[in-house]
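Biologist: I am new to this one and would like to learn how to read its features. Please show it first.

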Amino acid sequence: VSTATAQQPVDAATVEMLEERSRFIRSEVIRLISIAKVGHYASAFSCTEILATLYYGVMRLRRGEPDWPDRDRFMFGKGHAAVAQYPILADFGFIPEEVLNEYTRLGNPLGDHPDRTRVPGVDFSSGSIGHALSAGLGMQLGGRVEGREFHSFVLLGDGEQNEGQVWEAAMSAAHHRVGRLVAIVDRNRYCLDGEVDEVMGIEPLDEKWRAFGWEVHEVDGHDVGALCALLRSLAGREEPTVPALVIAHTVKGKGVPHMESEIGWHLGYLSPEDEAKAQEHIAAGGERRRR
Amino acid sequence: MSGSQTIQRSTEQSWTLLDLLDQAPGLLALSDTLVEITEGGAPVVALTGDLKYSNGLVRFAERYPERFFNMGISEQNMVSAAAGMATLGLTPFVADFASFLPLLCCEQIRTDVAYSQLPVRLIGHHAGITLGFYGTSHHATEDLSIMRSIANLTVACPADESQLAASIRASVGWEQPIYFRIGRGREPRVYEPEELRAFEFGRAIWHFRGLEAVVIATGSMLAPSKAAVSKLREEGREVGLIDMHTVKPLDRQAVLMAAAAGSPLITVEEHNTVGGLGAAVAEVLADKGSRSRLRRHGIPDVYSLIGPPTHLYQHYGLEAAGIEAVVREELDP
């Protein structure tokens, strides 16, 4: 459904790698939440392919150098899904594996929400919905003053669209012609109390963002090939002056059948037996893929 | 040093918004000092929310257009964006009405700036009841209380343009974020610039020592307090005066020294008597079990009347005569 121009198809090896990384993230989310004994499985699973694609297919990063000044920045508007980001940060060598394995235990830097003061690789703290796009905008304005050209990628929840500050930032980014700001809405259709469009409707989302002066694209948020092609084309724009918004259509709880689009699973806990089944299912996804 | 007279605008000539700045040395000092430290190499950027004429940042913007960002009337976005800028090593100065910046953006200041330990400087201008007949929406009598409870945040109330300039200079290299609470830039001058070379956040300035009573004033209330204390001292009363320009971290030693003789203390602030300077001093006295009685003088937990600022100061006893009367009550109870 994307209308982005000049998209290059992503090769099969890259697609396979991104799918494997997505399975890795889902599996790690389940393992980490078993340590905390409560967590946001479903919110993490809807954005798993988006995170895998950004970190392993799009963003300019250096392994082991979380503070590299020219790195692309990532802001997590829906910070409650940070449990899906931590395994990536460990994989990039930003945080030690031992820290990951103590997720949420007393004094561990990794909590339910990402914290820049405690976690290398977290570019901005999150937890209060609605701030992240402003932060990503500020980094772009600051980069302009400092003469640095990096991208700010901001992952927003669809419920987050209810926040007034998101629209302040949207207006401001277009006004200041911040073209290296790319926001992705994880359109999983659910917030905490139920369906977004029943709790506080946000449609027509594409028209709203276009009216605010943004370039808008839509994509299947679980199709890593399409996501990667689109995000690479946006990151590759020459001298961009228009911020870009991607509506990624996703399924909350994607990858574990009994969680998919079940509102209760916004927050929950898997018993050891169910956890094993979920892990088997995720691994089987890989098997199906290979056949 | 001038007394308690405020700068008067002529009523003989027409004027506009654009003329106001020239009559507000305290606001000129804001921009001019920002230009000065930027020239000195400080990585300053300045942001405001459609108020560059009201706070004088227009002068900074003319000098450094690439470092100035007008963020429109979207204060919360402005504060979070400033925090984002600070992650790159820049020092953002965010200026907006004190009635909006700390109240509307309290959570952004807490989470994105103070908790995140980013050196953003928040300038709340037209604090207290300086916006007179604009009414409660434009009065800020809660900001000290709110900002004081936010960990990592330094809270400073410069009394005049000299102290504002000195405190901005002192902020270069200060790692914590800072909330500067200033008036409308027309506060009478208390200090000559050279008197403030040793300015330090958290170190109060003693104007007079006094065994009978000690007045502890902050921000806009320093000038009228000084006039009131000077008058009493001319009568032979031994009244002391402390300029508590930093409300957080509070100079606890200065408070304890003032209370050492057990004589009454009087705090004076253009703020609700709940939660501000008076409360901060009360906490120190209570912690130490002091014998000193404390009189917290300010806006007595009400929403201010509307009216011209000078009339409001008289109504609430926040001009020299009103402060003098309050101190007399404590001297001769």
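Modeller: Begin with pairing: two strands pair if DSSP finds at least two bridges between them. Strands (E, at least two residues) and helices (H or I, at least four) are DSSP runs, numbered from the N terminus. In β9(B), B:Leu241 is the residue opposite B:Phe208. Residues are numbered from 1 along each chain as its sequence is written, with chains lettered from A and ligands numbered from 1 in the order in which they are written. The model is predicted, so local features need pLDDT of at least 70 and side-chain atom pairs count only at pLDDT 80 or more, while totals for chains, interfaces and linings use all residues; side-chain values use heavy atoms, without hydrogens and water.

Biologist: Over how many bridges do β7(B) and β9 of chain B pair, and in which sense?

Modeller: Strand β9 covers residues 239-243 of chain B, and β7(B) pairs with it over three bridges in the antiparallel sense. Both belong to an open sheet of five strands in chain B, ordered β7-β9-β8-β11-β12, with mixed pairing. At the edges are β7 (205-208) and β12 (294-299) of chain B; each has a single partner strand, so one side of each lacks a neighbour in the sheet. On average, neighbouring strands there are turned by 25° against each other, direction ignored.

Biologist: Which helix lies across β8, β9, β11 and β12 of chain B?

Modeller: Angles of this kind run from 0 to 180 degrees between N-to-C directions, and axes are lines fitted to C-alpha atoms, for helices over the stretch in contact. Contact means heavy atoms within 4.5 Å. The helix is α13 (residues 320-331) of chain B; its direction is at about 160° to β12(B), and it also lies across β8 (213-217), β9 and β11 (265-272) of that chain.

Biologist: What is the order of the open sheet of seven strands in chain B?

Modeller: That sheet has the order β2-β1-β3-β4-β6-β5-β10 and mixed pairing. Its edge strands, β2 and β10 (246-248) of chain B, pair on one side only. From one strand to the next, the twist averages 20°.

Biologist: Which strands does β1(B) pair with in the parallel sense?

Modeller: One is β3 (residues 91-97) of chain B, parallel to β1(B) over five bridges; there B:Thr48 has B:Ala95 as its bridge partner. Another is β2 (residues 68-70) of chain B, which runs parallel to β1(B) and is joined to it by three bridges. In β2(B), B:Phe68 is the bridge partner of B:Ala46, and B:Phe69 is that of B:Leu47.

Biologist: Are the residues of β1(B) buried or exposed?

Modeller: Buried means under 20% relative accessible area, exposed over 50%, and partly exposed in between (1.4 Å probe, protein chains only). Strand β1 (residues 44-48) of chain B has five of its five residues buried. B:Val44, B:Ala46 and B:Thr48 point one way, while B:Val45 and B:Leu47 point the other way.

Biologist: How many salt bridges does the structure hold?

Modeller: A salt bridge needs a side-chain nitrogen of Lys or Arg within 4 Å of a carboxyl oxygen of Asp or Glu. Over all chains there are 36. One of them joins A:Arg62 to A:Glu65 at 3.6 Å, N to O; A:Arg62 is partly exposed at 38%, and A:Glu65 is partly exposed at 37%. In chain B, B:Arg189 and B:Glu192 form a salt bridge with their closest N and O atoms 3.2 Å apart. B:Arg189 is partly exposed at 28%, and B:Glu192 at 29%.

Biologist: Which residues are linked in a network of salt bridges?

Modeller: A:Asp158, A:Arg187, A:Arg189, A:Asp197 and A:Glu203 are linked in this way. One pair is A:Asp197 with A:Arg189, at 3.5 Å between the closest N and O atoms. A:Asp197 is partly exposed at 34%, and so is A:Arg189, at 35%.

Biologist: How are two packed helices described?

Modeller: By the angle between their axes and the distance between the axes. Here, α7 (residues 164-175) of chain A and α4 (residues 75-86) of chain B have axes that come within 8 Å and cross at roughly 75°. Angles under 35 degrees count as roughly parallel, over 145 as roughly antiparallel, 65 to 115 as roughly perpendicular and the rest as oblique. The two helices are therefore roughly perpendicular.

Biologist: Which residues of α7(A) and α4(B) meet?

Modeller: From α7(A), A:Gln165, A:Glu168, A:Ala169 and A:Ser172 meet B:Glu75, B:Gln76, B:Asn77 and B:Ser80 of α4(B). The residues of this contact divide into one nonpolar, five polar and two charged. Ala, Val, Leu, Ile, Met, Phe, Trp, Tyr, Cys and Pro count as nonpolar, Asp, Glu, Lys and Arg as charged, and the others, Gly among them, as polar.
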